[in-house]
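Subject: Structure handover

Hello,

Please find the structure below. My notes on what was found in it follow directly after.

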Amino acid sequence: MRTSHLTIMAGLSALFLIQSCQKKPGRLSYPATVQSDSTDVYYGTQVADPYRWLEDDNSEETKKWVQAQNAVTNNYLAKIPFRDAIKERLTSVWAYTRQSAPTQKGNYLFYSRHDGIQNHAVYYVKNVTDSIERVLIDPNLLSEDGTTSVAATSISPDGQYMAYAISEGGSDWREVFIREVETGSDLDDHLQYIKFSDFSWDAQGFYYGRYDQPAKGSELSGSNEYQKLFYHKLGTPQSEDRLVYEDQQNPRHMFSAEVDDEFRYLMLYTSQSTHGNTLSIKNLNANGDWQLADPDFNTETTFIGRVDKHLWVLTNHEAPRYRVMAINPDQPAIDNWEEIIPERKNVLKDIELTEAYAVANYMQDVQSQLKVFNKKGEFQYDIELPGIASVSSLKPVKDQNRVYFNYTTYTKPSQVLAYDLDEQTIEEEFTPEVDFNADDYETTMVFIEAQDGAQVPVSIVHKKGIELNGNNPTLLYGYGGFNVVYPPRFDARLVPWLENGGVYVNAHIRGGGEYGDDWYRGGTLMNKQRVFDDFILAAEYMIDQNYTNPEKLAIMGGSNGGLLVGAVANQRPDLFKVALPAVGVMDMLRYQNFTIGWAWAGDYGRSDDSAEMFNYLYAYSPLHNIPEGEIFPATLVTTADHDDRVVPAHSFKYIATLQEKYEGNNPVLIRIETKAGHGAGKPLSMQIEEVADKWAFAWYNMGVSY
């Protein structure tokens with residue numbers, strides 16, 4: 001592949017002049033975006049990239065372009081008469097208290113709570129002996145504007161310390177500090193240049209992954225390579241951290257570690273994409289070498305806990321829907337593994353150990369199903385769960401037979417429940433109160449047959465008694481990638497949509513993990529078009545069943561889901577009235593060149609893999625397949641200037657191309673948040689503003705009032 005030198009035409013100042021297009025009455029005036037002569041050659045095919053200069057997010061030209069685009073977008077949104085009313089309702093319905101399932105370490109319970117008004121949830125701790133609650137960390141005090149957040153926490157086994165990672169402006173880069181639980185004060189420890197890392201404690205410190213300090217100016221766009229695994233001992237500077245593992249021959253390998261409860265064995269996970277890992281084990285007491293347990297990057301094997309002298313793992317090795325295996329740590333080779341809980345019809349998503357039991361969270365048609373086993377792997381009983389619901393955050397009390405978890409549906413916010421495994425009784429630890437009557441709404445699941453015979457599950461939520469008149473404003477959501485599942489869950493953002501007579505549709509398309517590894521692999525690489533086809537089928541179903549029509553149908557997705565929205569809008573622009581792609585992967589030929597993009601190749605493939613792979617990517621890449629002419633949905637692209645997961649250049653280049661090629665009157669706009677990232681840690685105030693803008697934009701273009 002050969003790339004020409006990027007040249008920017010003279011007169012860049014003219015870039016930001018607003019020019020009117022006289023071809024179509026009612027067409028918005030967009031900022032004029034200058035084109036360069038940048039061209040790549042892939043296997044003999046020339047591919048122009050005229051807006052490549054927008055990849056430089058630090059340049060003054062790009063910053064001025066962002067300002068000009070935001071000015072046009074803000075001016076358009078400000079004219080929508082009910083925009084403020086949506087914001088008011090979102091602010092009201094979002095103002096309910098929610099709480100995480102607690103984690104017990106030593107004599108302490110740790111959990112977070114959001115009061116519905118603050119920008120970020122607050123972390124609390126209470127002693128189990130007196131149940132006196134106190135604030136441990138309040139992220140709302142970290143910055144005045146709420147753009148600094150706590151991105152992760154990890155508690156020492158004795159409950160005496162909490163490591164907490166902060167993120168500035170939504171970036172994936174983390175700084176780590178350590179808080180002493182008893183005093184509420186921070187130690188002097190300060191760790192930097194941490195990204196995509198877990199923290200696994202022993203009695204004196206923890207293992208973590210970090211990168212070298214990035215070059216100045218490339219912090220949010222430079223490729224992340226050569227991650228190393230370190231051990232940090234409490235009370236020492238980061239410069240003294242011990243290097244545990246690195247691989248200079250494979251710069252794109254990523255590492256994480258996990259220690260068993262007795263700190264005897266260290267598990268090393270190595271990955272080269274977002275899904276799948278190898279597993280190696282080291283006996284820390286014997287000071288031996290690493291022994292390879294699972295050598296296959298295409299399988300996913302993770303440590304559950306130690307039972308007797310064996311290490312239990314959850315794995316999809318020769319089990320696409322996962323099973324539990326026992327490893328003898330002295331002979332960990334995969335041929336020596338012993339099956340404990342066989343693969344079942346449904347996907348085993350999580351399993352946690354208490355004193356005498358193993359609690360397994362299965363997924364049956366995207367709904368949670370809890371099963372209890374003893375530590376011989378023998379089934380004991382089911383934990384009954386009502387409705388189309390999901391369970392998350394299984395938190396066992398390991399020296400008791402008790403487990404905490406969160407339970408939610410599409411219309412009921414997440415409860416914290418505690419289950420006594422001996423008595424088989426359930427208690428409500430926390431139940432939120434929200435200004436929304438769940439009894440007025442219903443959820444159904446349908447199965448749509450794809451062209452190859454696959455049954456694609458689709459969740460549909462709306463008011464009871466809705467009239468199927470083909471005229472209901474409908475929001476179709478999808479993701480379809482990276483083995484990710486979006487199960488039933490309450491989302492305050494959807495309340496105004498549902499209250500306004502709208503229908504919400506969650507399409508559980510291929511590429512996700514709804515039915516295990518086969519469902520996931522069925523939407524990757526040369527099967528990616530199936531993801532788009534499944535989504536289009538869901539849209540056609542909603543129209544055929546008279547829920548809605550193309551003038552009342554909006555599609556939404558973020559990240560890989562933004563790619564989905566961009567691709568299907570290109571392929572079927574006649575089918576949708578509104579497209580809402582968020583932080584999307586839009587340039588499928590160059591995504592691997594930025595930050596962690598190279599790790600997505602396991603799902604997508606790369607344009608430099610082969611001519612066949614290039615042609616496949618080129619055929620659906622949202623940036624490269626925007627149709628010319630007058631037919632295209634009204635589009636509001638959303639991204640953020642600190643997104644170092646999917647760099648904003650994807651969205652910048654996409655909207656510049658869309659504004660260039662589209663000749664119709666529907667608005668095609670971009671909303672660029674400042675001091676925000678891929679989504680995690682975004683202040684509540686920013687979230688409310690963004691959602692209000694999306695719903696206002698969608699309804700306004702559908703001709704729906706609020």
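The buried residues of helix α2 pack against α1 (60-78), β6 (98-99), α3 (495-499) and α10 (684-702). Here contact means heavy atoms within 4.5 Å, and buried means under 20% relative accessible area, exposed over 50%, partly exposed in between (1.4 Å probe, protein chains only). Helices (H or I, at least four residues) and strands (E, at least two) are DSSP runs, numbered from the N terminus.

This is a predicted model: local features need pLDDT of at least 70, side-chain atom pairs count only at pLDDT 80 or more, and totals for chains, interfaces and linings use all residues. Residues are numbered from 1 along each chain as its sequence is written, and side-chain values use heavy atoms, with hydrogens and water left out.

Helices

The buried residues of α2 are Arg83, Ile86, Arg89, Leu90, Val93 and Trp94. They cover an arc of only 125° around the axis, which puts them on the same side of α2; the arc is that of the directions from the helix axis to the C-beta atoms. Asp84 and Glu88, on the other side of α2, are exposed. The length of α2 (residues 83-94) agrees with expectation: its 12 residues should span 16 Å at 1.5 Å a residue, and its end C-alpha atoms are 16 Å apart. The expected span of a helix is 1.5 Å times one less than its number of residues.

In α8 (residues 611-620), the buried residues include Met613, Phe614, Tyr616, Leu617 and Tyr620. Seen down the axis of α8, the buried residues fall within an arc of 165°, so they line one face of the helix. Glu612 and Ala619 are exposed on the other side of α8. The packing partners of the buried residues of α8 are β4 (39-42), β5 (45-48), α5 (528-544), α6 (560-571) and α7 (601-604).

Helix α9 (residues 649-661) is mostly covered, with 11 of its 13 residues buried. Among them are His650, Phe652, Lys653, Tyr654 and Gln659. These buried residues of α9 pack against β3 (30-31), α1, α6, β41 (634-640) and β42 (668-673). From its first C-alpha to its last, α9 reaches 18 Å, close to the 18 Å expected at 1.5 Å a residue.

Sheets

Two strands pair if DSSP finds at least two bridges between them.

- β11 and β12 are joined by 7 bridges, and Thr153 has Tyr164 in β12 as its bridge partner.
- β12 (residues 161-168) and β13 pair over 6 bridges, with Arg179 in β13 as the bridge partner of Met162. Their hairpin has 5 residues between the strands, and Gly169 takes a positive phi near 60° there.
- β13 and β14 (residues 186-194) run antiparallel and are joined by 4 bridges; Val176 stands opposite Leu191 in β14. In the hairpin of β13 and β14, which has 5 residues between the strands, Gly184 takes a positive phi near 75°.

Strand β13 (residues 174-180) is mostly covered, with 5 of its 7 residues buried.

Another open sheet of 4 strands is antiparallel too, in the order β19-β20-β21-β22. Its edge strands, β19 (254-259) and β22 (291-294), each pair on one side only. Neighbouring strands of this sheet are turned by 30° against each other on average, direction ignored. β19 and β20 (residues 265-271) are joined by 6 bridges, and Val259 has Leu266 in β20 as its bridge partner.

A single residue: Ser459

Ser459 lies in strand β36 (residues 455-463). Is Ser459 buried or exposed? Ser459 is buried, with a relative accessible area of 1%. Its side chain makes polar contacts with the side chains of Tyr410 (3.2 Å) and His508 (2.9 Å). A polar contact is a pair of N or O atoms within 3.5 Å; within protein, one must be able to donate a hydrogen and the other to accept it, and residues adjacent in sequence count only if both atoms are side-chain atoms. Leaving aside neighbours within four places in sequence, the residues in contact with Ser459 include Thr444, Met445, Tyr504, Val505 and Asn506.

Regards

Definitions and conventions. Axes are lines fitted to C-alpha atoms, for helices over the stretch in contact, and angles run from 0 to 180 degrees between N-to-C directions.
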